[in-house]
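Biologist: I would like to learn how to read a structure step by step. Could you take me through it, giving the general idea before each case?

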Amino acid sequence: MDELSSIVASSDRVHALGTRHSFSDVADTAGVLVDLGGLPVKLDIDASTGTAAVNAAATYGKVAPALDLAGFALHNEGSLPHISVAGATATGTHGSGSTLGSLSTVVRALEVLGPDGSVRTFNSDSGRFPGAVMHLGLLGVVTRVTLELEPSYRMRQDAYGPMPWNTYLDKLEEIHAAGYSVSAFTSFGETVHEILVKSRIPDGAHDIEIVNDLLGAPRLSGDPGGTSVTARDGSVGPWWDRLPHFPIASTPSVGSELQSEHFVPLRHAGSALEAVRAHARRLLPLLHVSELRTMAGDDLWLSSTQGEDVLCIAFTWKKVPEAVAELLVDIERSLTPFSARPHWGKLTSLDRDSISDLYPRLPEFRRLVTELDPDRKFASPFSERLLGI
Ligand SMILES: Cc1cc2nc3c(=O)[nH]c(=O)nc-3n(C[C@H](O)[C@H](O)[C@H](O)COP(=O)(O)OP(=O)(O)OC[C@H]3O[C@@H](n4cnc5c(N)ncnc54)[C@H](O)[C@@H]3O)c2cc1C
């Protein structure tokens, strides 16, 4: 901590790095990049407040099983447990679930080294906390994050498909309410080829009654999981081994893909999907897969779901950066009428003016940065280009 503090205090420009799983340059800096992975791991569970304080660099893959052992759980996880708690919550990383907010929405406190290298604490009872939680590394170097817990629970995953595109479009909200967390996978052709329903087992119950088709899409016998994907054969298991798509022991991405993702208000979901589908012929050769998820709105200032429930339209692209960048411009143009916000950790072609129009609370965030980091020590090429910070 002393070493970290003196690096921060003595650098003109500095930025913290998580597990470097972002596809955008949000974690880059023109100055010093600090990696907190060497700080000793410390997990402090406070059962009386139902919270746990964890190291910034700790990954969900490490933290989640330890919480479970102590009888606690998180409300959700992203598809990948390999990411750090600080990096994920700084960018609004999310899973799926019509009633669930992003991973940032369960942050209850942050410990942050400010520009002079001393520690500041942000608590959820402060008025500026909703501005500080999704900070993109611009408020300082986070050393500890306190997360809200709930009692541990068990889950199962069942996969259904294929489903005709029009059925998915007509029944989108019903489909995404069919489980605790629901993901639909498609290539924007005639079908949604797989719908993954993650169901929470009610307290005291052994299992849930399962349906053998989802609006006509048959239940797939499933992958027992364990190596490349978490079990999706209906077997009941711990929350941390069902919420992510990938098990911690897997290596799902080694830099051979690109990702972009947009969040559109749920009320525009159908029209936004049709606007994307108009590009289907150009999409197909570049696409590994597209994942459609839902998420509850929140009030975090820089949140891509601030103010409204959303549909998340995510693309995993083949690694052909120029062709993807060209298509992304057209996709983002088609999504403009639906006020689509990009994921901070993924690719976008939007500029500062478009971002300003999409984030009504950005001026307040800029004021917060000015107050906490007047010399812009934590600013980055990304923040200058997209946020004017
Ligand atoms: C295969 C794959 C699957 C993915 N799946 C999902 C998904 O399901 N849902 C989703 O929403 N996203 C997903 N993502 C994107 C990813 O979760 C986010 O980009 C996330 O921010 C990455 O976390 P990280 O720990 O790697 O942080 P980094 O990418 O290293 O950094 C992200 C940001 O956090 C800041 N930061 C990190 N640590 C600190 C700290 N200690 N103090 C201050 N700032 C800090 C950085 O400065 C930067 O601004 C996926 C990415 C990959 C590669």
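Modeller: Let us begin with a definition: helices and strands are DSSP runs, a helix having at least four residues and a strand at least two, and they are numbered from the N terminus. Please keep in mind that this is a predicted model. With those names in hand, we can say that α3 gives the most to the shell around the ligand, namely five residues.

Biologist: Which elements give two or more residues to that shell, and which residues come nearest to the ligand?

Modeller: The shell holds 38 residues, of which Ala 16, Thr 19, His 21, Ser 22 and Ser 84 come nearest. Sorted by class, the shell has 19 polar, 15 nonpolar and four charged residues. For polar contacts, the general idea is to look for a pair of N or O atoms within 3.5 Å. Here a ligand oxygen is 2.6 Å from an N or O atom in the side chain of Ser 22, while a ligand oxygen is 2.9 Å from an N or O atom in the side chain of Arg 293, and a polar backbone atom of Val 26 is 3.3 Å from an oxygen of the ligand. As for cover, the ligand on its own has 970 Å² of accessible area, and the protein covers 98% of that. The elements giving two or more residues to the shell are β1 (14–17), α3 (85–91), β8 (141–148) and β17 (257–265).

Biologist: How many aromatic pairs does a search of the whole structure find?

Modeller: In general, a pair of aromatic rings is described by the distance of the centres and the angle of the planes. The search finds eight such pairs in the whole structure. Tyr 153 is in the loop between β9 and β10, whereas Tyr 180 is in the loop between α6 and β12, so that the pair links distant parts of the chain, 27 residues apart. Both Tyr 153 and Tyr 180 are buried.

Biologist: Why is the pair of Trp 165 and Phe 188 called tilted?

Modeller: Planes under 30 degrees apart count as stacked and those over 60 as edge-to-face, with the rest being tilted. The planes of Trp 165 and Phe 188 stand at 55°, with the ring centres 5.5 Å apart, and therefore this pair is tilted. Because Trp 165 lies in helix α5 and Phe 188 in the loop between β12 and β13, the pair ties together parts 23 residues apart in sequence. Ring pairs also join Trp 165 and Phe 188 with Tyr 168, Phe 315 and Trp 317 in a cluster.

Biologist: Where do the charged ends of Arg 200 and Arg 341 sit?

Modeller: The charged end of Arg 200 sits over the ring of Tyr 153, 3.6 Å from the ring centre, and that of Arg 341 sits over the ring of Tyr 359, 5.0 Å from its centre.

Biologist: What should I look for in the backbone?

Modeller: Most residues other than glycine have a negative phi, and most peptide bonds are trans. In this model, Phe 188 has a positive phi of about 65° although it is not a glycine, and Phe 188 is buried, with a relative accessible area of 1%. Arg 376 likewise has a positive phi, of about 55°, but Arg 376 counts as partly exposed, at 22% relative accessibility. The peptide bond from Gly 161 to Pro 162 is cis, with omega near -5°, and Pro 162 is found in the loop between β10 and β11.

Definitions and conventions
Residues are numbered from 1 along each chain as its sequence is written. This is a predicted model: local features need pLDDT of at least 70, side-chain atom pairs count only at pLDDT 80 or more; totals for chains, interfaces and linings use all residues. Side-chain values use heavy atoms; hydrogens and water are left out. A residue is near a molecule or strand if one of its heavy atoms lies within 4 Å of it. A polar contact is a pair of N or O atoms within 3.5 Å; within protein, one must be able to donate a hydrogen and the other to accept it, and residues adjacent in sequence count only if both atoms are side-chain atoms. Accessible areas come from the Shrake-Rupley method with a 1.4 Å probe; for residues, only the protein chains shown count as cover. Ala, Val, Leu, Ile, Met, Phe, Trp, Tyr, Cys and Pro count as nonpolar, Asp, Glu, Lys and Arg as charged, and the others, Gly among them, as polar. Rings of Phe, Tyr and Trp (its six-membered ring) pair if their centres lie within 6.5 Å; planes under 30 degrees apart count as stacked, over 60 as edge-to-face and the rest as tilted. Buried means under 20% relative accessible area, exposed over 50%, partly exposed in between (1.4 Å probe, protein chains only). A charge sits over a ring if NZ of Lys or CZ of Arg is within 6 Å of the ring centre and within 35 degrees of the ring normal.
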